[in-house]
Amino acid sequence: MENELCYLSITEAAAALSKKTVSSVELTEACLRRIEAVDGQLHSFITLTADRALAQARQADHELRSGKGRGALHGIPIALKDLYLTKGIRTTCHSAVLENWLPDRDASAAINLAATGTVLLGKLGMHEFAFGGPSTDAPFPAVRNPWNTAHIPGGSSSGSGAALAAGLCYGALGSDTGGSIRTPASHCGVVGIKPTYGRVSRYGVIPLSWSLDHAGPMARSVEDCALLLQAIAGHDPRDPACTDVAVPDFRATLKDGIQGLRIGVPRTGWFDENLGIAPETEAAFNEALKILESLGAAIVELDGTPFSVTRKANQTILVCEAYAYHEKTYQETPLQFGASVRRRMLEGAFLSAVDYITAQRARSVLNEQICANFARVDVFAVPGAPRPPEAFATVDPNEQNLRPSFTNPFNLTGLPALCFPCGFTEGNLPSGLQIVAPPFEEVTCFRVGYAYEQATDWHKRRPVV
Amino acid sequence: MANEIAIEELRAFAQRIGLTLPDDELQRLLPGVIRAQKQAAELRALLSNSDEPAGIFIASKKNQR
């Protein structure tokens, strides 16, 4: 019963709160008990704010009883990746550099979520400074995958993915610079969206790479993800990249189906890059395409070459901007950074201004080439990750450069990309599918994801923790 | 394309930009730096003279001090 409560979707929990068959305090206590019971194996939380959460839950219950409900997120326990600034609550970026830092302000997305009446359970583990691999030499343990704790959960929003899959919270925020929302969504069997660049404020989100960073939500269903995005999307003058465009109702067309939708698959020249996509992952992806076809969509094969090239530009921009942000710390105390993130970020110190500008020029060219495909198709479909989550014991940080990156192109182009579960390997590890739409058309991603979700039950599977 | 950076050049460059890194750290760093420089160089083949960077400066009241 307790686990059933923890695994309610946000929409189900909101309905139960509305009918008063459950209270926010009960939801919060159920999450806290489950965190106590299982998070010692997973390490998804760095900081738990239990007392504050219970106080917020009591306040939510009082407001709901008084007819002052603020919508579907009111009273719902959520958690934040530990790079969202939270006033008076430790914000570490999973790093010794910020181990005991207490910010004096909140991130805009945290403020917006709080305004809807959510309950903050705490701050979630991640890859150090949202980069590199699992952080094994940071002051906090690396997050483990609830489907098999010997395996990585994907990153960098690893705690967000693991906590959702394990039923420790109902929604979470992550951030995505090269795949950091979508990879853990894929590896943990949950849903995550990297919205269009500029859709969600990055104010108060500790930067990795200003021009590639995206803030976004993660949840256990497509509809829940849409609800969370609704709360955090919109113009914020404090973020110079945040666009002043209208925010639609992300659930308005959720149930409209995908009859006649043209889905582009940029397979040729990309999926077989170097070591290529793992056969099990490609098989799950192909099965997912068949389901989308059975729902009325048309599959159109595209040239994947420009998608493949984006990684070079993405990585060049990323390491230059990341090093620029952290330069002073590297000059003063370089060994405070863990080895994985340190070696990757330092690459940026040895690239030239011309290298960086060349990458930004290539970004213009590749964006144009990739977006030209929207004349022929409505969305792209690509796998969430090139292979199933690796075991910690066999993680090779260099291997990621030998497989196609299915996430990088959409940071470089800023296109909205939704990742949701589309199958499991023989070893019972999740696979994800990404749907990518034109700029500011997140509603189309959600419509496809929802249609697929209704036709399958992957999102209903639960790990045994 | 420029030649691959050697460890001595990496050490000298690191010192010039204010980085004090032990020799074993520089050795571990070298392959990543070579790869990063190589992939940045490869992007040049995509470009024509008319291609501008993705980020451009836009004058606005906010920029006036």
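Modeller: What follows takes several labels in turn and sets each against its definition.

Modeller: This is a predicted model, where local features need pLDDT of at least 70, side-chain atom pairs count only at pLDDT 80 or more, and totals for chains, interfaces and linings use all residues. Residues are numbered from 1 along each chain as its sequence is written, and chains are lettered from A and ligands numbered from 1 in the order in which they are written.

Biologist: Why are helix 3 and helix 4 of chain A called roughly antiparallel?

Modeller: Helix 3 (residues 24-42) and helix 4 (residues 50-65) of chain A pack at about 160°, and their axes are 8 Å apart. Angles run from 0 to 180 degrees between N-to-C directions, with axes fitted to C-alpha atoms over the stretch in contact. An angle over 145 degrees counts as roughly antiparallel, under 35 as roughly parallel, 65 to 115 as roughly perpendicular and the rest as oblique. The two helices of chain A are therefore roughly antiparallel.

Biologist: Which residues of helix 3 of chain A meet helix 4 of chain A?

Modeller: A:Ser24, A:Val25, A:Thr28 and A:Leu32 do, and their partners in helix 4 of chain A include A:Ala53, A:Leu54 and A:Asp61. Contact requires C-beta atoms, placed from the backbone, within 7 Å.

Biologist: What makes strand 4 of chain A mostly covered?

Modeller: Six of the six residues in strand 4 (residues 171-176) of chain A are buried. A residue is buried if 20 or more other C-beta atoms lie within 10 Å of its own, exposed if 12 or fewer, and partly exposed in between. On one side the buried residues are A:Gly171, A:Leu173 and A:Ser175, and on the other A:Ala172, A:Gly174 and A:Asp176.

Biologist: How do you know that strand 4 of chain A pairs with strand 2 and with strand 6 of chain A?

Modeller: Pairing takes at least two bridges found by DSSP. Strand 2 (residues 77-81) of chain A runs parallel to strand 4 of chain A, with three bridges; there A:Ile78 stands opposite A:Gly171. Strand 6 (residues 214-219) of chain A is antiparallel to strand 4 of chain A over six bridges, with A:Gly174 opposite A:Gly216.

Biologist: What makes strand 1 and strand 8 of chain A edge strands?

Modeller: The open sheet of chain A has eleven strands in the order 1-3-2-4-6-5-10-11-9-7-8, with mixed pairing. Strand 1 (45-48) and strand 8 (298-303) of chain A each pair on one side only.

Terms used
Helices (H or I, at least four residues) and strands (E, at least two) are DSSP runs, numbered from the N terminus. Two residues are in contact if their C-beta atoms, placed from the backbone, lie within 7 Å.
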